[in-house]
Amino acid sequence: MEFNVLGFTADAERVYTALVGMPRCTAAEVADACGLAAPAAGKLLSGLVRDGLAVRSAGRPPKFSAAAPDVAVGALIHEREQQLGDARALVQRLVETHREAARISHPDMAAELLTDREDISKAVHRLTTGARREVCAFDRPPYVDRPGSNLDGQLERQRTGVTHRVIYDREAVAWPGRLQDDIMPSMRAGEQARMRPELPLKLVISDGRAAIIPFSLAPGGQSAAYLIHPSPMLVALQALFEAQWERAIPLGEAAGPIPAEAGQPDAETLALISLLASGLTDAAIARTQGWSARTTQRRIHRLMTELGAATRFQTGLAAARRGWL
């Protein structure tokens, strides 16, 4: 047992260890067992009693017994863990203060390099939760956190009036279960979603005042990122987002629920149209919708027949003319 991590000396550890195996013993007996002078052993025993690690019985001479280790030592460990948690929180606050002070003292500093995954996740969380007007984002793999892991918080922010405009890469939409379990619930809560076959980078912009981009999209590159402060670089990223937004395919009408009225496709058909228009393969559509390959091919063929189209491109044009896309 190493009590030094809990703030105890080697002698205190030796005395407590002796007490565990020698219940109801005197200070003199503990001193003999530990090779200590009687006064020193008595002082250590008093300290253990004070700290709840031992109990003293009445009588002359008094006798000592160790408190149950799982209770007494466990309580000390819990207390130390709380102290360590408070210390970590203080360090994080100091780090953020240091970063802000460095940025203020160097106002021309456009980018700050983050090299820890936890720091990156916290920075993204600050940007999204701190937005008061709008969050703009490029969503594409690879991911630091599991896609949709913060869905509840995102939906709550959308309900409070913060606009979310998100462009999804084709691979993001094709991620198994992502469309049904993450993207569509966000859209129903008000997210404006569009799709591009390929996005050049991952990006989050908060109110046009700060942004975060990955250091690299190579494997492992998401463990480093740049936090972009107000600067020409931030203006350029906002312009890049707006340019991609204009070219992206809206996904809004795929969010449902939409009644299957005469001449009006149901939600699954609208989703299929959007996925076809985005260029996803049959296999990717099947994964996204949770269909078998045969069901996917059958639904695509049925849709093409209904629209009188011979190719996927013609299917997209026909759907657009009917106002379905």
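Two strands count as paired if DSSP finds at least two bridges between them. Strands (E, at least two residues) and helices (H or I, at least four) are DSSP runs, numbered from the N terminus.

A word on the model: it is predicted, so local features need pLDDT of at least 70 and side-chain atom pairs count only at pLDDT 80 or more, while totals for chains, interfaces and linings use all residues. Residues are numbered from 1 along each chain as its sequence is written, and side-chain values use heavy atoms, with hydrogens and water left out.

**Exercise 1. Work out the strand order of the open sheet and name its edge strands.**

Step 1: Walk across the eight strands, and you get β3-β9-β8-β7-β4-β5-β6-β10, with mixed pairing.
Step 2: Look for strands that pair on one side only; these edge strands are β3 (111-114) and β10 (249-250).

**Exercise 2. Find the partners of β8 and say whether β8 is buried or exposed.**

Step 1: On one side, β7 (residues 203-206) pairs with β8 in the antiparallel sense over three bridges. Here Val204 stands opposite Ile212, and Ile205 faces Ala211.
Step 2: The hairpin of β7 and β8 has three residues between the strands, and Asp207 takes a positive phi near 55° in it.
Step 3: β9 (residues 225-228) is also an antiparallel partner of β8, over four bridges. In this pair, Ile212 sits opposite Leu227.
Step 4: Now check burial, where buried means under 20% relative accessible area, exposed over 50%, and partly exposed in between (1.4 Å probe, protein chains only). Ala210, Ile212 and Pro214 point one way, Ala211 and Ile213 the other, and all are buried.
Step 5: Five of the five residues of β8 (210-214) are buried, so the strand is largely enclosed by the rest of the structure.

**Exercise 3. Describe the surroundings of Phe138.**

Step 1: With 3% relative accessibility, Phe138 counts as buried.
Step 2: Take contact as heavy atoms within 4.5 Å. Leaving out residues up to four places away in sequence, Phe138 touches several residues, including Ile167, Leu199, Leu240 and Phe241.

**Exercise 4. Which residues of α12 are buried, and which are exposed on the other side?**

Step 1: In α12 (residues 293-307), the buried ones are Thr295, Thr296, Ile300, Leu303, Met304 and Leu307.
Step 2: On the other side of α12, Arg294, His301 and Thr305 are exposed.
Step 3: Just past the helix, Gly308 has a positive phi of about 65°.

Notes:
Expected span 1.5 Å × (residues − 1).
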